[in-house]
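Please examine the sequence and the model before reading the solutions.

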Amino acid sequence: MAAWSLNTKARRLVVQGPYNTPSQLRAKKLSSACMMACPRTCSCILGLSLGTAALFAAGANTALLIPNWDVTYLLRGLIGRHAMLGSGLWGGGLMVATAAALISLMGWRYGCFSKSGPCQSVLTALLSGGLALLGALICFITSGVALKDGPFCMFDDSSFNQMQAWKYGYPFKDLHNRNYLYDRSLWNSTCLEPSNAVVWHVSFFSILLCISVLQLLLVVIHFINSFLGLFCSLCEK
């Protein structure tokens, strides 16, 4: 009887395998579910973060269109081309917000994403990430060029004329020996109108530049998270 009992237990171990006991199978399923839940949770957080950053980018670009909160300059067409381009509105704003919505829907597995396969999920992740990447890059480049060229303001052009002449333009664009970003003595003495034009320009374009860098970092994390999700889904199968 003892030998028969030992043989029966041995046969059970052969059939089940040393790592396929019921408790171990439940632990394996739980671990697989957790591995799949992590990329989805990360997608929800990334989508929310990108959407918030897009709102801030749109707000910063809107402020650049209204210097000192005075809409008169916008109505008169006295706004610089970098602000009028609106890269923070449609690039770092609308494009990134659209991508953020897609990423969040993927994380929540809502609607058509609820039964999407690995290939479809990766394709959607690449498209949404590419859209956000393009919008953030446009905003980043525009902000960098705007900080380099300086603000659009009224300044004294008498250095090139005998008579005093006031005109609107980019007084810091052709300064080769001095950088206005480091020489703050030029900020109040060069631009006469709008008041605090340099501070307004530098502050909000710096905010746009930082937001676009944050968006680029979030997009990189999104790509890594998407490929981790694909790897987990393939391992689950």
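**Exercise 1: a histidine and its surroundings**

H82 is placed in helix α4 (residues 81-85); helices (H or I, at least four residues) and strands (E, at least two) are DSSP runs, numbered from the N terminus. The model is predicted: local features need pLDDT of at least 70, side-chain atom pairs count only at pLDDT 80 or more, and totals for chains, interfaces and linings use all residues. Residues are numbered from 1 along each chain as its sequence is written, and side-chain values use heavy atoms, with hydrogens and water left out.

Task: determine whether H82 is buried or exposed, and which side chain makes a polar contact with its side chain.

Step 1. H82 has 8% relative accessibility and so counts as buried (buried: under 20% relative accessible area; exposed: over 50%; partly exposed: in between; 1.4 Å probe, protein chains only).

Step 2. The side chain of D149 makes a polar contact with that of H82, at 3.2 Å (a pair of N or O atoms within 3.5 Å; within protein, one must be able to donate a hydrogen and the other to accept it, and residues adjacent in sequence count only if both atoms are side-chain atoms).

**Exercise 2: the disulfide**

Task: find which cysteines a disulfide joins, and state its handedness.

Step 1. C153 and C191 are joined by a disulfide, S to S 1.9 Å (a pair of cysteine sulfur atoms within 2.5 Å).

Step 2. The torsion about their S-S bond is about -60°, so the disulfide is left-handed.

Step 3. C153 is buried at 0% relative accessible area, and C191 is buried at 8%.
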